[in-house]
Structures are given as C-alpha cells and as structure tokens.
Amino acid sequence: MTIFEKILNNEIPSQILYEDDFAIAIPDIQPQLPVHVLVIPKTFATSLSDIGHWSSEQTAGYFQSIDKVAKHLQIENGYRVVFNTGSDAGQTVAYLHAHILAGSAMGWPPFSN
Ligand code: 5GP
C-alpha cells in the first residue's frame, strides 16, 4: 500500500488542507516552492495513465477539486499543476497525485537538464 493510501485511510496522520467527495489535499513533505500541495484522489489510480476505469463523475470531480484547492488556499497569482507519470517523469509514489506549485514566479520550461 502506498503512503497516500495510508494517509487516505487515516493509518498515518497528515495535515489535511482541503477535502471534498473526490480528493484530499496535503502539504508536500519536501516543498519545492512556497506553496507545494498534493491533491490525492479518493478513487485509486496508479497514475494519470490509469484513470480509464474512473466514471465521468469521478474524473470531473477530481480535476475540479484541483482548482477548488487553489481557491481554498487563496492562491492569487497563478499556479502550476504537475502530474509526474511514470519513471522518466520521476514518479516516486504509485498513486495518482497532482502537485500544485505556487507562491513565486516559475520559469518555463520547467526542467533544468
Ligand atoms: P512524485 O515524485 O511521485 O510525483 O511525488 C511524490 C511526492 O510525494 C514528492 O514530492 C514527495 O516529497 C512527497 N511525499 C513523499 N512521501 C510523503 C509523505 O509521507 N507525506 C507527504 N506529505 N508528502 C510525501
């Protein structure tokens, strides 16, 4: 079981910044920007490549929850959403999660190598 499933199941405590029917949002343990929040769906999927079994309601609800988190946190100057998907992208936890990054201006492209 992944760390995010344990958090969802209340087996490991975590600060919950936001929760609705479709997702929870928690602060990333190693923030890369002043705001670095993970939006974790309540319906299992290993990555963005694995949401084909989700209903339309689950899919829409999850994606809408991402912006609801940003509004709840009163992020005013914009935010970036990152889904690391698979090994080349550096996905380390095999449970779908969106990174919301905000709080300072970000360059583009987002990679450095
Ligand atoms: P990935 O690399 O899979 O896209 O992102 C996983 C993220 O989860 C990383 O940014 C990492 O810092 C974060 N993370 C790993 N373990 C924990 C944990 O136990 N609690 C929290 N809040 N974040 C974690």
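Me: Contact means heavy atoms within 4.5 Å. Leaving aside neighbours within four places in sequence, which residues is V69 in contact with?
Reply: Y18, A25, V37, V39 and I100. This is a predicted model: local features need pLDDT of at least 70, side-chain atom pairs count only at pLDDT 80 or more, and totals for chains, interfaces and linings use all residues. Residues are numbered from 1 along each chain as its sequence is written, and side-chain values use heavy atoms, with hydrogens and water left out.

Me: Which residues touch the most other members of the largest nonpolar core?
Reply: V39, Y62, V69 and I100, out of 17 residues. A nonpolar core is a set of buried Ala, Val, Leu, Ile, Met, Phe, Trp, Tyr and Cys residues joined through side-chain atoms within 4.5 Å. Buried is under 20% relative accessible area, exposed over 50%, partly exposed in between (1.4 Å probe, protein chains only).

Me: Which element gives the most to this core?
Reply: α2, with 4 residues. β2, β3, α2 and β5 each supply at least two. Helices (H or I, at least four residues) and strands (E, at least two) are DSSP runs, numbered from the N terminus. A second, separate core has 8 residues, including I7, I26, L38 and V93.

Me: Back to α2. What span does it reach?
Reply: 24 Å from first C-alpha to last, over residues 56-72. That is close to the expected 24 Å, which is 1.5 Å times one less than the number of residues. Its buried residues are G61, Y62, S65, I66, V69 and A70. They pack against β1, β2, β3, β4 (79-82) and β5 (98-102).

Me: Strands now. How many bridges does β2 have with β3?
Reply: 5, antiparallel. P27 stands opposite V37 in β3. β1 is also antiparallel to β2, through 2 bridges. Y18 faces A25 there, and a hairpin of 3 residues joins β1 to β2. Strands pair if DSSP finds at least two bridges between them.

Me: Why is β2 largely enclosed by the rest of the structure?
Reply: Because 4 of its 5 residues (23-27) are buried.

Me: Which peptide bond is cis?
Reply: W108 to P109, with omega near 5°. P109 is in the segment after β5.
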